[in-house]
Amino acid sequence: MSGICGFVHAGRPLLGEGDLRRMAAPLARRGTGDVEHMLDGPVGIAAQVHRLETPEGPGAAPAYRRTGLWVALDGEIYNAPDVWRELVPFGHAETKHVADLVAAAYAQWGPNCVGRFNGVFALAVWDRREGTLTLARDPQGMKSLFWGEQGGIFLFGSELKAIRACPSFAPAVEPAALAEFVTFLYVPPPWTC
């Protein structure tokens with residue numbers, strides 16, 4: 001298990017590496033203690049990684065590709081061999097690392113690659129060339145991915161704790177979500193309390 005978090009802000013640099021590390025700290029129990037992070041202008045992504053031992057050696061959840069993509073992943077893609085079979089004819093080199101699969105699939109098919117994945121996952125892909133951040137999770141919602149915007153800063157994380165750890169985030173109760181909780185004893189999407 002691992003965890004992801006990050007931010008995108010407009011205008012002058014508002015957040016930096018220290019803020020990103022503070023956001024990743026609450027996710028420490030989800031990994032081996034290693035935090036991989038990427039800062040690129042107004043975008044910061046961190047992944048609390050769980051090192052996997054594979055025949056190719058230790059592998060991390062995030063992957064930076066020469067294609068200008070940075071992938072942070074929490075989860076597994078069960079049909080990875082099938083997706084690799086589709087990618088290899090296009091010249092992608094197969095590895096055992098799931099983040100490499102996501103990066104290769106994104107490089108080949110763009111954000112639509114997520115529809116080819118069968119598994120449990122939450123992921124973030126920063127495409128430096130296009131200047132786009134793609135966030136996705138499995139259709140069943142087995143892996144959490146929380147997000148929100150406040151004061152011109154878009155924040156996301158595998159847990160709300162990661163978002164709350166961002167110094168610029170000011171938590172407030174959402175009245176409509178609270179009413180739903182009091183009425184139905186749960187908070188339906190798209191809200192959180």
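How many salt bridges does the count come to? Taking a salt bridge as a side-chain nitrogen of Lys or Arg within 4 Å of a carboxyl oxygen of Asp or Glu, the count comes to seven. This is a predicted model, so local features need pLDDT of at least 70 and side-chain atom pairs count only at pLDDT 80 or more, while totals for chains, interfaces and linings use all residues. Residues are numbered from 1 along each chain as its sequence is written, and side-chain values use heavy atoms, with hydrogens and water left out.

Among the seven salt bridges is the pairing of R21 with E17, whose closest N and O atoms sit 3.2 Å apart. Both residues belong to helix α1 (residues 17-24), where they are four residues apart, about one turn of the helix. Helices here are DSSP runs of H or I with at least four residues, strands are runs of E with at least two, and numbering goes from the N terminus. R21 has a relative accessible area of 41% and is partly exposed; E17, at 39%, also counts as partly exposed. For these labels, buried means under 20% relative accessible area, exposed over 50%, and partly exposed in between, using a 1.4 Å probe and protein chains only.

Helix α2 holds a pair of its own: R85 and D82 are three residues apart, about one turn of the helix, and their closest N and O atoms are 2.3 Å apart. Here R85 is exposed at 55%, whereas D82 is partly exposed at 40%. Then there is D127 with R129, a salt bridge at 3.8 Å, N to O. D127 is buried, with 5% relative accessibility, while R129 is exposed at 58%.

Now for the helix packing. The axes of α2 (residues 80-87) and α3 (residues 98-109) come within 10 Å and cross at roughly 40 degrees. Axes are lines fitted to C-alpha atoms, for helices over the stretch in contact, with angles from 0 to 180 degrees between N-to-C directions. Angles under 35 degrees count as roughly parallel, over 145 as roughly antiparallel, 65 to 115 as roughly perpendicular and the rest as oblique, so α2 and α3 are oblique to each other. On the α2 side, A80, V83, W84, E86 and L87 make the contact (heavy atoms within 4.5 Å); their partners in α3 are D100, L101, A104, A105, Q108 and W109. By class, the residues of this contact split into eight nonpolar, one polar and two charged.

Methods
Nonpolar A, V, L, I, M, F, W, Y, C, P; charged D, E, K, R; others polar.
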